Amino acid sequence: MGFLAPWFLAGIAAVGLPIYIHLLRQHKSIPLPFSSLMFFERRTQSSIKHRRLKYLLLLALRLLLLLLLALAFANPYIRRTAAPASDGRKLLVVAVDRSFSMRAGNRFDTAKQQAVDTLSEFRPGDLAQVIAFDSHVELLTQPIDSVPELRAAIRSISQGDGRSAYGEISRTLRSIGQASKRPVEAHVFSDMQRSSLPSPFSELGLAANTRLRLHAPAEAMEPNWFVESVKAPATIYQAKKVRVQATIAGAGTPAAERKVEVLLNGRTLDSKQVKVPASGRMTVEFFLNDAPYGLNRGEVRIAPGDALAQDDKFFFALERKEAGRVLFVHEARQGNGALYYRTALDSAPNAAFTLEAVTTDQVANISPTKYSFVVLSDVASLPSSFEDSLKKHVQGGGSVLIALGPVAATRPRVPIAGEPVLESRYAARGGDRFQMATSLDASHPTIHGANRMDGVKFYHAVRVDAGSDRVIARLSDQTPLLIDKKIGEGRAIVYTSTFDNVSNDFPLHTSFVPFAEETAEYLSGIGQTPSNYPVDSYMELRTAKDTGASVEVLDPDGKRSLSLQESASAQTFRVSREGYYEIRRSSGRHEIAAVHADRRESDLGTIPTETLALWQGAGQVNGNGGAGQPSEPKPYSLWWYFVFALFLVALLESWIASRYLAVENEVVARKEAA
Amino acid sequence: MQRFLDPKVLSSISGLGLIAKTVVDGYVSGMHRSPDFGFSQEFAEYRAYSEGDDLRHVDWNVFARTERTYLKRYRGETNTQISLLLDASKSMDFGSHTVSKLDYARYVAASIAYLSNQQRDAAGILIFDDEIQNYVPPSSRQGQFARMVHAIEHAVPGTRTDFSKPFLHCQQFLHRRGVIVVLSDFYEEPGKVIKAMEPLRFRGNEVVLFHILDPQEIRPTLGEPKLLIDMETSDAMEVTPDYVKHDYPEKIDAHIAALKEAAQRAGMDYFMLNTARPLDEALREYLTVRQGRM
């Protein structure tokens, strides 16, 4: 037995305190005056004995209390053997790497065969468990003793496209070792990729009772060329050339020439020869002319192939769309706003929108669902049918840009968004002639390129109670200028000034063009979702938490990846395979996401032998000799037992002491009464 | 009215004179009786003259009519002299509630003094412990009540009780026969108490003993073994609840009974006053007995 914090034993000296108190109190008694003792007889023996006994009991309890307190703080422990001997029976853990790099050659099949062969070490009384891993660990069986089941589990492991992570498998082995009372013998079948090592080596630590054996299906590193990345626009609107940029790299390769092809929907559009330096990379550009309308499945491929053929191609998705239509609703006499806004959209370098300006009188029979987004430019009132359909459209994922001017300020609330309109403010003639935009939230995509609206003068603004909505920009008197509000699945941007050249001179500034373009792209959802995802990344399925509209995801085989419940409620989806995923979003939008394997898997360089030896010795270093060896006694803390005893003694002491206190209080009370 | 005569209520009244008046007037109004109660000058009877009788009492009108000498006798021939002996020993300072035994004795003494003053009887008081603390000679002069009240008010708990010395002095001071009222807790052997008072009785005095005890002295309650301190001797004694519950009541009852019996045997009146009882109740009992005797 020992103490983890022996310095606290000095607290035992405190036991002198109750001894001192009790020695004093033993001679102290509170007498009770009485008129005459003429009729009393001295019968003190029993009572004094009784009281002394009580005092001694209280003293003993207090001494014990302090003693236990000091001992509890000193944290006593005993050494005992961690687990009883398991009669040589062990837990066999078979872990097979199914990451993307295992596709090279016949690594994966070899690894599985080696794993099956390992089961020959299985002895009666042993248990075994099968694990498949890449960046995630999947327990295929519980610890069982049925060899056929184990063999079937190993054979059922399928090849994945994920990235291997040795930190994860080590963590799992560590948990198994800590939970297991018998020695663990772990067999890991992997290509021992250097790029899969965790950055801190300590993450590879194992439990004391775990012995690790590593099996590599391939001894030497194989040279590998691969398409490292492809840059292509996700969406194009014009019939101009599409620029596709591909990077070809080699790992452990000599300098070589490779043929690079770009395919669209399985049809080769262009090809080039490129010289890739030794273990280096080279970028090649293609300009495609014939991108058809709609969703296109693109692919960049290199030839000739090598051992790992799957990374010789890289998928990308390309969508060609008609220019987006924007519905611009304004009052009959205020056409200037439409003019400035259309000019700005047309002036954008990647003009993707066409504006249709209508007055409030003409809008009644127009459906907002046909437009990328709707602009309400300082309108006083809208036909109720249009307002209702616009509200419904925004709730379902549509967008609206609302500009407020002197006409809209007559309404109590902002149309569609519903914020209260507080006042209509003109810049005072006597004071500030105009106001500037300050407090800009530069992280918001609508004003990212608007150059902070430098020099724009605002003469009139409508003051709106933004509530909990996100305010993107404020004027110098803190009036919100731009408000981003989420409405259901859709959103509304409220601009508290107008697009004409009356309330402000914003349309005359160059920053108006990027503002109009970025606002339009933001509201129409262009560029917000990437078209290329690495394996094991998550794609966003819906932006709000309402579970009404369903989302559908089809995997590269064309099968549904989501259950019914997931399609109604899942916020994100993890892509686990290379290929093209089709997504039908709740807003009705149809997209294609190209998924490629993590290119770190393409570097087939292996872990140095010394590092592997260190990893295998991690269990032995941390504890004893590992599986099958007798374990040394471990310290076992007795802290809880002492604290429990302390609690009991404290209760007893309080009870006895309270009885004393009650008696003494009675004496004092009677003395005061007398 | 009764509720006002509770000792606790009386203790809140400042001034013994007012307390005495409250008690006595309350008693009188409650009894609807004449204040004469036996000390009156009412005609009682005629008695034939015999030698040695005082000629001043001969009814000369009867003699003129009948030529026979008769003495006219009254119910109270003479004014009674009342002497109060108040024990102011330390033990009298005991009290388990707001009124100590000494306070209670003060009220009784003041009340009797007030009654005497109303009757124009001579009254005096002697306050003692083991020595005589104060002595106001009996007198019926004006201001006597105030003097007595002053003496009673200034009676302070002294040391221990010793009946022999004060009573010896008393015999020297009291020349006339009268009523002697002793107010004490009588923590002494009954034989010794009676022996100390017998000479007064032999001189023709009427001796009345008021035995004043606190409820806790009659039936004490004790929850735990306690160290009791004798207020007079400062002796300490550890006593047990068991003794207090079973043995002590027998002893104190035996003491009270012995004192009462010894007093009655010696021709003295004995009244036990519990300080928890209303004061006028105690006085009523005493005066009823006194009236019957007169």
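User: Where in chain B is confidence lowest, and where is it highest?
Analyst: This is a predicted model, in which local features need a pLDDT of at least 70 and side-chain atom pairs count only at pLDDT 80 or more, whereas totals for chains, interfaces and linings use all residues. Residues are numbered from 1 along each chain as its sequence is written, while chains are lettered from A and ligands numbered from 1 in the order in which they are written. The pLDDT is the predictor's confidence in each residue, from 0 to 100, and helices (H or I, at least four residues) and strands (E, at least two) are DSSP runs numbered from the N terminus. In chain B, the lowest mean confidence, 55, belongs to helix 2 (residues 16-31), and the highest, 92, to helix 3 (residues 60-66).

User: How many contacts beyond four places in sequence does the model have for residues 28-40 of chain B?
Analyst: Two residues are in contact if their C-beta atoms, placed from the backbone, lie within 7 Å. Over residues 28-40 of chain B the pLDDT stays under 50, although chain B as a whole averages 79. For this stretch, the number of contacts beyond four places in sequence is 17.

User: What percentage of the residues of chain A count as buried?
Analyst: A residue is buried if 20 or more other C-beta atoms lie within 10 Å of its own, exposed if 12 or fewer, and partly exposed in between, with C-beta atoms placed from the backbone. Chain A, which contains 12 helices and 33 strands, has 674 residues, and the part of them that counts as buried is 38%.

User: Why does the distance between the end C-alpha atoms of helix 9 of chain B agree with its number of residues?
Analyst: The expected span of a helix is 1.5 Å times one less than its number of residues. Helix 9 (residues 241-265) of chain B has 25 residues and should therefore span 36 Å, which agrees with the separation of its end C-alpha atoms, 35 Å.

User: At which residue does helix 9 of chain B bend?
Analyst: The bend at a residue is the angle between axes fitted to the seven residues ending there and the seven starting there. In helix 9 of chain B this angle is about 40°, and the proline Pro249(B) follows within four residues of the bend, which lies at Asp247(B).

User: Which elements of chain B do the buried residues of helix 9 pack against?
Analyst: The buried residues of this helix in chain B are Val244(B), Leu259(B), Ala262(B) and Ala263(B). Their packing partners in chain B are helix 7 (190-202), strand 7 (206-213), strand 9 (236-239) and strand 10 (269-274).
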